Amino acid sequence: MRSLPKNWRETAERVNAEVNALPYVADVPDWGRMPKDATGGDCKNYAMEKMFRLLDAGFPVERMRLAICEIFIHASQKREQHLVLAIDAPHEQYVLSNSVARLMAHADMVLKGWQRRLIQKLDPTNPESLA
């Protein structure tokens, strides 16, 4: 497996913050890269845009994966599905989410009650895998 860039953590934190700064828009139908003039998106758009930006920054595709999390919403007593980007770092897996401002270690997700399951590993260079 190829290595992450030397400054991977700083780059991931910057990308997470930049994309999270865009407004949330529920149920945007497009899976893929946000246009430069994007006015926002939903968790699918956030996760995909973060993946594309990290690829542009030199992150190897095999170190990233999309994952569906189930988050317990206390106010409604319901579970909600949420798409995030996971990065396989040297000693831990980290998650980039539009609902959390910082990188979150997988162990922290478990402690906070998030349940995560891997969905298919997507290849952004192959449009058919993104459908």
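Predicted model: local features only at pLDDT ≥ 70, side-chain atom pairs only at ≥ 80, totals over all residues.

**A helix and its surroundings**

Mentor: Helix 2 is followed by glycine 58, whose phi is positive, near 100 degrees. Helix 2 is made of 14 residues, and its first and last C-alpha atoms lie 20 Å from each other, close to the 20 Å expected at 1.5 Å a residue. Of its 14 residues, 11 are buried, so helix 2 is largely enclosed by the rest of the structure. Among them are Cys43, Tyr46, Met48, Met51, Phe52 and Leu54, and the buried residues also include Lys44, Glu49 and Lys50.

One neighbour is helix 1: its buried residues pack against helix 2 (43–56), as well as strand 2 (78–88) and strand 3 (93–96). Helix 1 covers residues 8–20, and its 13 residues should span 18 Å at 1.5 Å a residue, which agrees with the 18 Å between its end C-alpha atoms. Buried in helix 1 are Trp8, Thr11, Ala12, Val15, Asn16, Val19 and Asn20. Viewed down the axis of helix 1, these buried residues fall within an arc of 155 degrees, so they line one face of the helix. An α-helix has 3.6 residues a turn, so residues three or four places apart point the same way.

Of its 131 residues, 47% count as buried. Among contacts between residues at least 6 apart in sequence, 51% join residues at least 24 apart.

Conventions. Residues numbered from 1 in each chain as written. Heavy atoms only, no water. Helix = DSSP H or I, 4+ residues; strand = E, 2+ residues; numbered from the N terminus. Expected span 1.5 Å × (residues − 1). Buried < 20%, exposed > 50% of the residue type's maximum accessible area, 1.4 Å probe, protein only. Arc of directions from axis to C-beta. Contact = heavy atoms within 4.5 Å.
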